[in-house]
Amino acid sequence: MPHDVSLITTIAAALGFGLVLGFIAARLKLPALVGYLAAGILLGPATPGFVADAALAGQLAEIGVMLMMFGVGLHFSLDDLWEVRKVALPGAVLQIAAATAMGMGLAHWWGWPVGGGLVFGLALSVASTVVLLRALEERGILDTFNGRIAVGWLVVEDLVTVIVLVLLPALAPSLGGEAAGVDPGANLWTTLALTLGKVAVFVAFMLVVGRKLFPWILWQVARTGSRELFTLCVIAAAVGIAYGATKLFGISFALGAFFAGMVLRESALAHRAAQESLPLRDAFAVLFFVSVGMLFEPGIILEQPLQLLAVVAIIIFGKSLAAFLLVVLLRYPAKTALMVSASLAQIGEFSFILAALGISLKLMPQAGQSLLLAGAIISIALNPLVFAATGPLERWLGRNARLAAKFDRPADPLAELPTTTARTKLSGQVVLVGYGRVGRHIARTLNEHGIHYIVAEQNRELVDELRRDGIPAVAGNAGEPAVLIQAHIAHARMLVIATADTFHVRAMIETARTLNPDIRTVVRTHSEEEADLLRQEQAGKIFIGEQVLADNMSHYVLDTFKEPANAGH
């Protein structure tokens, strides 16, 4: 038995301290990520006591980066991004530019070189997808339109970060840094062309060969019926493709793992792959955050308090204000702008990856990483309070009509039903809230039976498309009385709530019954707990997704057993 067990010691200490401090953070209503970072600080050289092996922790962190980027690629959906492209794409790019400019200005004031300021600004501009998803899930708004905008916004940020990770090593010599394998005297455009050429070859290989080969391999392994082999195949694909991309094409582990996830998403087994790899991804993500915490120097809080305060101000106020103004300028309501702003008021994993790359390229000083880490811990800890503040801010804007008018869309034509809508469609109709997958099926059935309906939907692009197809629709949150009034709820026969946004269901029903006491309501929900709350509100007919599926499958099984044994399959 070898006596040098530094790898086992590092893993055991990181996971053990991460568990304890993550649990404490969760009990304090903070994201567990704060606890993992704190565990790294305790295990690092800046604090007394046991010090973990930083070199080994760094390699484990690389695996964590691979698996996290693999998870991002596995869940990346062009369809979801396309749905909110008109706000997420320009908004995210402009917000990154604004936040990067703020960070560069701050770094210039401190006397940092341009390269260090660029990396520092980019690290400040990207929020944590992990923290955002947890915040949206806890508030039950992940599947709402505003939630999809926030997630789409961060997906664009992630994609921009991936591009930066590819280009930064090539740009490092021109920015005053150093990069292994890059000739400092080489022409900048030649270096960029070579870098982008390698990336293009890798992407082409993955899209042409990888998207067919790797899902096929996954399917062949799945046919063995061995769960451990399936899990091994998923992890081997993630780490192996990332390693191969680095060795053969000279690109980062992060980009290779991201494309590994993207090509495996093409498989019908993608959902199972995500579920099977989740425990290992989570474990190595903990090791990643612990290793980042080990690099933190607590003394910077006392030595540079004003610098830290400036960093936190940019994260929580600077880039959030920029995002708010951009969303409003893109003609979305103040409520959506507040949601996106709160989502961006923190930084996380990609900021750490950028900072580590900046230091390895000799672009950013070590103090920058400590400031970013301290800013991340503070902003993540305060993020629940930022989300909580959106409600009072929204109500305050509502009470100040003149101020609200400056931020909300003036005379939005999509928020009002077209005057050309036939009067025969505005009495005895169905008001259909939500035009997603469920709403589309309901609308198709109503069309087949010649039943008039009006759609209330938050996706403005979708409302515009419906109107071009001759379907009456209004844009907005049906939880607000004005939207249902525009849908002529007072004269409707039925309100059908097909959206997954159960948060505003009671407000919709209350408005509908106030204006139309005889209206019938139909509601969808995903859990028995939500259904119980809605029954207490006498919400009408309630359909629980899993229960309806189980009932239909049960009826099919019973009907099959009623048939003669040789009647069919």
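Trainee: Which strands does helix 19 lie across?
Mentor: Keep in mind that this is a predicted model. Helix 19, residues 437-448, lies across strand 1, strand 2, strand 4 (494-497) and strand 5. Helix 19 runs at about 160° to strand 1.

Trainee: And what does helix 22 touch?
Mentor: Helix 22 covers residues 505-515 and packs on the sheet. Helix 22 touches strand 1, strand 4 and strand 5. Its direction makes about 170° with that of strand 4.

Trainee: What order do the strands of that sheet have?
Mentor: The order is 3-2-1-4-5-6. The sheet is open, has six strands and pairs in parallel.

Trainee: Which strands stand at the edges?
Mentor: Strand 3 (473-475) and strand 6 (541-544). Each has a single partner strand, so one side of each is left without a neighbour in the sheet.

Trainee: How much are neighbouring strands turned against each other?
Mentor: By 15° on average, with direction ignored.

Trainee: Back to strand 1. Which way do its residues point?
Mentor: Strand 1 is residues 430-433. Val430 and Leu432 point one way, Val431 and Val433 the other.

Trainee: What stands opposite Leu432?
Mentor: Val455 in strand 2. Strand 2 is residues 453-457, and strand 1 pairs with strand 2 in the parallel sense over four bridges.

Trainee: How many bridges join strand 5 and strand 6?
Mentor: Four, again in the parallel sense. Strand 5 is residues 520-525. Val523 has Ile542 in strand 6 as its bridge partner.

Trainee: New topic: helices. How many are in the chain?
Mentor: The chain has 24 helices, along with six strands.

Trainee: Is helix 15 enclosed or open, and why?
Mentor: Helix 15 (residues 334-344) is largely enclosed by the rest of the structure, because ten of its eleven residues are buried. Among them are Ala334, Leu338, Met339 and Val340.

Trainee: How does helix 8 cross helix 15?
Mentor: Helix 8 is residues 145-171. The two axes come within 9 Å and cross at roughly 45°. That makes helix 8 oblique to helix 15. The crossing is right-handed.

Trainee: Which residues make the contact?
Mentor: From helix 8, Asn146, Ile149, Ala150, Trp153, Leu154 and Glu157. From helix 15, Lys335, Thr336, Met339, Val340, Ser343 and Leu344. By class, that contact has seven nonpolar, three polar and two charged residues.

Trainee: What about helix 10 and helix 11, at what angle do they cross?
Mentor: At roughly 135°, with axes that come within 7 Å. Helix 10 passes helix 11 in a right-handed crossing.

Trainee: And which residues make that contact?
Mentor: Helix 10 brings residues including Ala237, Ala238, Ile241 and Tyr243. Helix 11 brings Phe253, Gly256, Ala257, Ala260 and Leu264. The contact divides into ten nonpolar, two polar and no charged residues.

Trainee: Last one: what share of the chain counts as buried?
Mentor: 48% of the 569 residues. As for contacts between residues at least 6 apart in sequence, 72% join residues at least 24 apart.

Technical notes: Residues numbered from 1 in each chain as written. Predicted model: local features only at pLDDT ≥ 70, side-chain atom pairs only at ≥ 80, totals over all residues. Heavy atoms only, no water. Axes fitted to C-alpha atoms, helices over the stretch in contact; angles between N-to-C directions. Helix = DSSP H or I, 4+ residues; strand = E, 2+ residues; numbered from the N terminus. Left-handed = near helix turned anticlockwise from the far one by under 90°. Contact = heavy atoms within 4.5 Å. Nonpolar A, V, L, I, M, F, W, Y, C, P; charged D, E, K, R; others polar. Buried < 20%, exposed > 50% of the residue type's maximum accessible area, 1.4 Å probe, protein only. Pairing = 2+ DSSP bridges. Parallel < 35°, antiparallel > 145°, perpendicular 65-115°, else oblique.
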